[in-house]
Amino acid sequence: MTAFLDFEKQVAALDRQIAELREMGDDPSLNIDGDIARLEDKSSKLLRDIYSKLTPWQKTQVARHPDRPHFKHYVADMFDDWMPLAGDRNFGDDQAILGGLARFRGRRVMVIGHEKGDDIPSRMKHNFGMAKPEGYRKAIRLMQLADRFGLPVVTLVDTSGAFPGIQAEERGQAEAIARSTEQCLALGVPMIAAIVGEGGSGGAIALAAANRVLMFEHAVYSVISPEGCASILWRTSDKAADAATAMKMSAQDLLGLKIIDRIVPEPVGGAHRAPEAAIQSLGDAIAQELDSLAGLPRETILSAREEKFLAMGRG
């Protein structure tokens, strides 16, 4: 069953009525198909209306929905011949960032992304998608490997931020994030980044300094979480909704600011309601962007990416 968000209470009530009527429908003496159809139509229209005018804070809740597709789902449905590569060759293997070789619609690519996990054991295993230095150093190693063999890089970003624990700081978290960002910018092969859920802080940009930055319609991308921003500015996380609006963290705001290049539409009600359709939509967008960059010389790819980021904030 779909886990409903707070602002979907009316839809949840309608869906409960539909479920109750369906149970009653087993009785052959009743003819309630028409009632069910009317309620389904009402629920669908209400859901479409709600999602057509989500606030930034509501979009944040959608982006964090536990049933949204995760990295493993994209790999399974979007890529073939997946060959995971592990470790940073220095400390260990960070399961918050996964990566490896794959074939994408006939094209060999390097795929790297955050994995949050989708139940308690997997979330613990993947540290809720919050990477440590070895995760970013693994990403650097894989990007360098892709560059060496002329393979496009595709990254899937979904993290609330890099892991803030003392162990990560002791192992050089800030340096690892900076070097991963630097490596993105230094790639001589096409790089496509997709913000598929949360794009939080440097932990996100370390995998998103790409030629093309795509973003799902209801994803969010910001330098800090709304709760963190509210705690700094107002000394309370209760102002998170206000912070989300002020930070302009939605795909629509960021496209207008030219921080991202393209919004990828989601199924009505968010990617968690129709994961396969969402994955197909993202795959189509990635394929189009890779086609547009195919065959460009290394110097052109580098200079275009450099200019893209230097142009941000020029007014």
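Trainee: Why is valine 11 called buried?

Mentor: Valine 11 has a relative accessible area of 1%, and buried means under 20%, so valine 11 is buried. Keep in mind that this is a predicted model. Valine 11 belongs to helix H1, residues 9–24.

Trainee: What makes phenylalanine 71 and tryptophan 82 an aromatic pair, and which kind is it?

Mentor: The ring centres are 5.9 Å apart, and rings pair if their centres lie within 6.5 Å, so the two form a pair. The planes make an angle of 70°; over 60 degrees counts as edge-to-face, and therefore that is the label here. The pair links distant parts of the chain, 11 residues apart: phenylalanine 71 is in helix H4 (residues 71–78) and tryptophan 82 in strand S1 (residues 80–84).

Trainee: Are those two residues buried or exposed?

Mentor: Phenylalanine 71 is buried, because its 2% relative accessibility falls under the 20% cut-off.

Trainee: Why is the pair of phenylalanine 79 and phenylalanine 104 called tilted?

Mentor: The angle between their planes is 45°. Under 30 degrees would be stacked and over 60 edge-to-face, so 45° is tilted. The centres are 5.4 Å apart, which is within the 6.5 Å limit. Phenylalanine 79 sits in the loop between H4 and S1, while phenylalanine 104 is in strand S2 (residues 97–104), 25 residues apart. Phenylalanine 79 is buried at 4% relative accessibility, and phenylalanine 104 is buried at 0%.

Trainee: How do you know that arginine 171 sits over the ring of phenylalanine 91?

Mentor: The charged end of arginine 171 is 4.1 Å from the ring centre, and the distance limit is 6 Å. Lysine 308 also lies over a ring face, that of phenylalanine 309, at 5.6 Å from the ring centre.

Trainee: What makes phenylalanine 128 partly exposed?

Mentor: Its relative accessibility is 39%, and the label covers values between 20% and 50%, so phenylalanine 128 is partly exposed. Phenylalanine 128 lies in the loop between helix H5 (120–125) and helix H6 (133–148). Together with Ile120 and Met124, Phe128 makes a nonpolar surface patch of about 340 Å².

Trainee: How do you know that the length of helix H13 agrees with its number of residues?

Mentor: Helix H13 (residues 275–293) has 19 residues, which should span 27 Å at 1.5 Å a residue. Its end C-alpha atoms are 27 Å apart, so the two values agree. Among the buried residues of H13 are Ala278, Leu282, Glu289 and Leu293. Just after H13, glycine 295 has a positive phi of about 85°.

Trainee: Why are arginine 235 and lysine 258 called exposed?

Mentor: Exposed means over 50% relative accessible area. Arginine 235 has 73%, so it counts as exposed, and lysine 258 has 64%, so it does too. Arginine 235 is in the loop between helix H10 (226–233) and helix H11 (240–247), and lysine 258 in the loop between helix H12 (251–256) and strand S8 (262–264).

Trainee: What is phi at arginine 235 and at lysine 258?

Mentor: Most residues other than glycine have a negative phi. Arginine 235, however, has a positive phi near 60°, and lysine 258 a positive phi of about 65°.

How values were computed: Residues are numbered from 1 along each chain as its sequence is written. This is a predicted model: local features need pLDDT of at least 70, side-chain atom pairs count only at pLDDT 80 or more; totals for chains, interfaces and linings use all residues. Side-chain values use heavy atoms; hydrogens and water are left out. Patches are made of residues with over 30% relative accessible area and no salt bridge: like charges are joined within 9 Å, nonpolar side chains (Val, Leu, Ile, Met, Phe, Trp, Tyr) within 5 Å. Accessible areas come from the Shrake-Rupley method with a 1.4 Å probe; for residues, only the protein chains shown count as cover. A salt bridge is a side-chain nitrogen of Lys or Arg within 4 Å of a carboxyl oxygen of Asp or Glu. Helices (H or I, at least four residues) and strands (E, at least two) are DSSP runs, numbered from the N terminus. Buried means under 20% relative accessible area, exposed over 50%, partly exposed in between (1.4 Å probe, protein chains only). The expected span of a helix is 1.5 Å times one less than its number of residues. Rings of Phe, Tyr and Trp (its six-membered ring) pair if their centres lie within 6.5 Å; planes under 30 degrees apart count as stacked, over 60 as edge-to-face and the rest as tilted. A charge sits over a ring if NZ of Lys or CZ of Arg is within 6 Å of the ring centre and within 35 degrees of the ring normal.
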